[in-house]
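Here is a short report on one protein model. Look over the sequence and the coordinates, then read on.

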Amino acid sequence: MSDTADIDLHEPAAAVRGPVPAALRRFIWDMQSMVELDGGEREILLIGGDLMARLIADDHWLPAVFAKPGISGACQYQLYHDGLERFSVVCTVLAPGAALPAAPQPLWEITGVLRGDLTRTVADGRSPRICTRGAVDLRGSGREAMQQLANLSAEHAAIAIHVYGGQRAGCINPPDAPPYDIWSIQTEIRD
């Protein structure tokens with residue numbers, strides 16, 4: 001696992017995303033296939049949860065430009081933009097002790113903890129749910145939306161990868177690191 005304790009919150013990330021990492025490309029292709037088959041939300045969540053577990057099993061694939069928490073300590077980067085707006089892949093990065101309020105959205109969601117330990121708070125009054133590295137959390141479109149995602153560590157950054165059943169607003173990609181799209185992925189395929 002990568003050590004994220006030495007992240008400088010005040011130094012801008014090198015805005016170079018590079019080609020789509022192989023693990024992310026595979027995940028996007030598999031998610032796209034599931035969404036196109038349209039077996040229903042339940043099937044997407046169950047199979048998508050397994051796909052997410054495979055993606056987050058190794059954290060070396062995430063480009064450094066998408067692993068910086070930013071000056072405010074919490075930010076979201078869009079990793080993949082589906083041109084048909086069927087789903088999106090987003091990376092949330094939280095500095096030590098930081099939290100990110102989340103706007104309620106009527107979308108299904110698959111979340112995997114790539115680095116660190118997080119708490120997820122929802123609006124239904126239950127205690128916050130603790131999600132450790134490697135955990136996958138599924139939320140159907142009819143369930144209570146997450147209200148806050150917080151980093152439990154006072155020393156290390158935490159990163160979560162999300163797949164939403166539609167487009168996610170509020171991401172802050174650097175100008176030279178736009179989200180990957182189907183065209184950039186297809187041009188980078190090598191047999």
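Is Cys131 buried or exposed? Cys131 has 4% relative accessibility, so it counts as buried. Buried means under 20% relative accessible area, exposed over 50%, and partly exposed in between, with a 1.4 Å probe and protein chains only.

The model is predicted: local features need pLDDT of at least 70, side-chain atom pairs count only at pLDDT 80 or more, and totals for chains, interfaces and linings use all residues. Residues are numbered from 1 along each chain as its sequence is written, and side-chain values use heavy atoms, with hydrogens and water left out.

## Overall layout

The protein has 3 helices and 9 strands. Both are DSSP runs numbered from the N terminus: helices are H or I with at least four residues, strands E with at least two. Along the sequence the pattern reads α-α-β-β-β-β-β-β-β-β-β-α. Of the 191 residues, 46% are buried. Contact means heavy atoms within 4.5 Å. Among contacts between residues at least 6 apart in sequence, 78% join residues at least 24 apart. Arg26 lies in helix H1 and is exposed, with a relative accessible area of 54%.

## Nonpolar cores

A nonpolar core is a set of buried Ala, Val, Leu, Ile, Met, Phe, Trp, Tyr and Cys residues joined through side-chain atoms within 4.5 Å. The largest one holds 36 residues, and Met31, Val89 and Ile161 touch the most other members. At least two residues of this core come from each of H1 (22–37), H2 (41–55), S1 (74–81), S2 (88–94), S4 (109–115), S9 (158–164) and H3 (182–187). H1 gives the largest share, 6 residues. A second, separate core has 11 residues, including Val113, Cys131, Leu149 and Ala158.

What does Ile161 contact, leaving aside its neighbours within four places in sequence? Its partners include Met52, Leu55 and Ile56, as well as Trp61, Leu79, Val89 and Ile110.

## The sheet

An open sheet is built from 5 strands in the order S1-S2-S9-S4-S7, with antiparallel pairing. Two strands pair if DSSP finds at least two bridges between them. S1 and S7 (136–139) are the edge strands, each pairing on one side only. Neighbouring strands are turned by 20 degrees against each other on average, direction ignored. H2 packs on this sheet and touches S4, S7 and S9. The direction of H2 makes about 15 degrees with that of S4. Axes here are lines fitted to C-alpha atoms, for helices over the stretch in contact, and angles run from 0 to 180 degrees between N-to-C directions.

S4 and S7 pair in the antiparallel sense over 4 bridges. Gly112 stands opposite Val136 in S7, and Glu109 stands opposite Arg139. In a regular strand the side chains alternate between the two faces of the sheet. S7 has a covered face with Asp137 and Arg139, and an uncovered one with Val136 and Leu138.

## Aromatic pairs and cysteines

There are 3 aromatic pairs in the whole structure. Rings of Phe, Tyr and Trp (its six-membered ring) pair if their centres lie within 6.5 Å; planes under 30 degrees apart count as stacked, over 60 as edge-to-face and the rest as tilted. Phe66 and Tyr180 form an edge-to-face pair, at 6.4 Å centre to centre and 70 degrees between the planes. Phe66 is in the loop between H2 and S1 and Tyr180 in the loop between S9 and H3, so the pair ties together parts 114 residues apart in sequence. Phe66, Tyr77 and Tyr180 form one aromatic cluster.

The structure holds 0 disulfides, where a disulfide is a pair of cysteine sulfur atoms within 2.5 Å. The sulfur of Cys75 has its closest cysteine sulfur in Cys91, at 7.7 Å, too far for a bond.

Relative accessibility for some of these side chains:

| Residue | Relative accessibility | Class |
|---|---|---|
| Phe66 | 0% | buried |
| Tyr180 | 0% | buried |
| Cys75 | 4% | buried |

## Positive phi

Asp38 has a positive phi of about 50 degrees although it is not a glycine. Asp38 sits in the loop between H1 and H2 and counts as exposed at 57% relative accessibility. Glu85 also has a positive phi, near 55 degrees, and lies in the loop between S1 and S2.
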